[in-house]
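Here are a few notes from my look through the file. Have it open while you read.

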Amino acid sequence: MATNLSTPDQVRSLTLDDARAQFERAQADLEAGRLAAAEEALAGIVASGHFAEWANFFLGRTRQRAGDLPGALDAFTAAVVAEPALFWAHYERLVTARMLGADAGRLAGLVGSMAELEWETLAHGHTAEIEAVADVLWAAGMQPLAISLAEHVPYQLLSIRWRERLAHAGSTQAAPTPDVDTPAGVPQTDQEAADLLVHARQRFEGGKMREAAACFEALVASGRLAHWGHFYLGRIYTGEADQGRALRAFDAALHLEPGLFWAHYERLVLVAALEPDGARLDELVRTFLALNWEPIHGNHVRELERVAHVTWDAEARDAAARLLARLWPSADLQQLGLIRLIEGHVDPKVASEAAERLEGFSSLDDIALRILSNYHQQHGDVDREVRMLERSFARAPKDFQTWLALVRAHAKAGRREQALATLDQGAFAPRQKLFVSLIASLELGDLDAAFLAFRDHCRIYAEVPKFPGIRIAYLLGDQFDTVRRNEVLGILVANYEDDRDVALVRINAAMRDQRWDEARAIFDRFFGEVADLPQPVRLAQVDILAYSGRLPEAAALLARERIDGAVPLPFLRSTIRILSELDRWDEVFDTGVRHLADDHSFEHFLSPLIRASRKCGRGEALLEALLALPRPLKRQHNEALYAVMEDLAEQGHADIIDRIGDLPLPYEREHRIQLKLRGIAGSTPVAKDLCIYYCADRNYLLPALVSLTALAMSNVSITRRAVFHLVVDSEVVSMAQAWGGAIARRLGLSLEVTDASTIVSSADRLRTSYGIFTGGQSLALAAYYRIFFARWLCDQHRYSQALYIDADTIVRSGLDELIVSDREAPLLARYEIERPEVRHATEVHQLKGRYFNSGVLRFDLTDPELPGLLDKAIAAAIDPEVTLIFQDQCALNIAFDTKMAELPERFNYFNPPSVSGDGISATDAVIVHFLDRPKPWDSLYRRRAREWFEWYDLVQTLRQSEGVA
């Protein structure tokens, strides 16, 4: 069995490509906040010896975010040792040491280790970051060291703040200003105040801070232009590293003049540099963005962009994105600013234009290329996604993650040739090629190839790719391939026994196999104590409750998912099914109509909605809702419209075709509607030693006559010796006699109609709800009549054999072969296809033989065991202690277990073929059994039903010719 790479020896044996892949996963974990997983992965890479500088650097960042500052400092130090020229490791080590309270000597030593950095190159690309390091030193009281560091940056690139600090310190970087005499005293008039402000600014810009401060204090004392006095005093205090007084000065300036842009700006810069508190920054950014901004350019944009990045790193990402969006008109935004505009979920138009501008950079780093490819992937632009990935792969042809992403992008777009060509281009290890081949097969929809690649990967390399394996297990489950699904599931469980993602697959498999107790046990173990369940788990919880018979609880959970009354789309299917099962048809209808315009499947949404319209008598309302949808209608909406039209035609709406206006109506559907509008019906026959019988209620009477007519017209020799019987509900006896009589007279058949109430005992004890969750489907009581009528025939001694046929069938020629065949057992019936629910029924009833279908049954009325076996079936049907999964069919299986022989498939051919499993073609079938719902006569039926409707048309013609309405 394959095992997961987790031991120390396995970690140390990581190849370079393995380490690169693990590094990418660690970065993703770090970005997603999965700190424990990121730290474990990074520590493993450090132990392997690969990427020591970057692995240690990001390990430090991870520990920093987790609050482990000593551990972070150790990691940053290791990164510096591995790569002394790594600026960011020096920077983070200095910041972390300061946060831990390192003294001036310790900080000086750390700064000294940065002497070998290429400052000239760094100054042009990392001005803001160099200033940030200098800020740390300044705040630590190491102003001379901070000044010397800032002097590495060309004067024209420096921020205003650092120009002021350099000027104040008398640095050679400071720009000189002319000397002007200082006016004396507090200004008494506005003109004196204005003159003093000009003079003070000259002192300030010339670096004569003491004289400038005296002038600004005089302005504050005078109350004239005092907001400017407070503002410049704040800047002087900032230069002196007196942050408390600086903040108070900026606050005082804004109290006097709330719209003073630069006071807001300086306060925000100061807080961003010294108080990386997300909530505080968010508040300040909101206030700042409310101003009417004056045009800003150059250094100011870079300053504000740096503030935005500090705000981002302080987890105030919405505020940072809003600030970057305000800077958007400037052409000075750097790559990182554009990247965060894309990531920050701002105005989609701004994000799109930021992606365009970012792509225009002649040189993009790996992060930018990855962000752009992800952005285009999310927006469905495959061509641009591939273009970014190709640029990245061209730069780094040995980068595994980029190669994988490029192959996957081609495969997801269905570009098989390009995907395979890119797969061949990669110069990677066989293990990596096999893994990428696995991913490509999955994306291309080649499940067989994906399964083989997964199995080979596990066997050859003793490593189990978890998420591809999970996906394969789900897909195999969808195809009812339980053997291969269980093989994949066994591998996953053996290697990830305590993994919740794998637990979810196990729950899905158990539910598919109808092992509800097992599904519930797995759920309780892994998710029972989890407060905030992810959406897929909540969906599984709903299904477990529904299939365990706890429908009210399931419905209550779904009700809590509603938002302003609307059902979130992932929960819509479950909501419709459970409400249907609870017979809350009005709610099904209202919920369905509310979501009608969305893109839903016919089977799981529109079909139940149409059934609800029937139950509630709201077909007219559904027709109007469908006609109100935007044109052109989606394919499934057209099909729903045709079904509703057919329903209304049966109700006598003669103008139904005219009401759809210019909407297209397929010929076959129009023909069906016209036939139903004609409202024609028919009759039934009887014969000698052979009894052929159908059982029906009002809904199945006409289909039974269609099957009967097809049988009689296609098997003339049989009709001469057969008596046809219709066993029907009391309420339709007269209708059956009229319609069946008309057909019998025209075709020369013998037909008898039997009132079921005369042969069925204990009808009130018969169950019509299936023993499994069916989404609101139920069984007609008439299904039980086949058992009671067969028992009644035993007492009549009129016939030697009886043939029961379901009403949802079409009978072709060739039935005589069945009638003359040997009678080797009391009952002849076809075996069911092996499906989970069939296996479940077999296990519940502890059957020794195979489970059979009851759609076509041949009884040997001369067999002495038959009456007792039928009595046993009746007893099971009415006994409330016996759990019946498929009700009447299960009762027959219990009674005739090992007492029946197999009916050849052609005499009960399951349609559609997808549920048949037949080894014969449809053209060889004698009795075609429309096994699934909806049935051919139902307006919800969407497959071709021409053969059935041809017989339906004949039945109507026969009734009409006899004058029977």
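1. Before the details: two strands pair if DSSP finds at least two bridges between them. Keep in mind too that this is a predicted model.

2. With that in hand, take strand β1 (residues 690-696) and strand β2 (residues 722-728). They run in the parallel sense and pair over 7 bridges. If you want a spot to check by eye, I692 sits opposite F724 in β2.

3. Now zoom out. Those strands belong to an open sheet of 7 strands with mixed pairing, and the order reads β3-β2-β1-β4-β7-β6-β8. At the edges you'll find β3 (751-755) and β8 (900-902), each pairing on one side only. On average, neighbouring strands of this sheet are turned by 25° against each other, direction ignored.

4. Which strands does helix α43 touch? Helix α43 (residues 785-796) packs on the sheet and is in contact with β1, β2, β3, β4 (801-805) and β7 (856-860). Its direction makes about 150° with that of β1.

5. Next, have a look at Q801, which lies in strand β4. Is Q801 buried or exposed? Q801 counts as buried, because its relative accessibility is 0% and the cut-off for buried is under 20%.

6. What does the side chain of Q801 reach? That side chain gets to the backbone oxygen of I819 at 3.0 Å. Leaving aside residues up to four places away in sequence, Q801 touches D689, L690, C691, R721, I819, R823, R858, F859 and L861.

Note on methods
Residues numbered from 1 in each chain as written. Predicted model: local features only at pLDDT ≥ 70, side-chain atom pairs only at ≥ 80, totals over all residues. Heavy atoms only, no water. Helix = DSSP H or I, 4+ residues; strand = E, 2+ residues; numbered from the N terminus. Axes fitted to C-alpha atoms, helices over the stretch in contact; angles between N-to-C directions. Contact = heavy atoms within 4.5 Å. Buried < 20%, exposed > 50% of the residue type's maximum accessible area, 1.4 Å probe, protein only. Polar contact = N/O pair within 3.5 Å; in protein donor to acceptor, adjacent residues only side chain to side chain.
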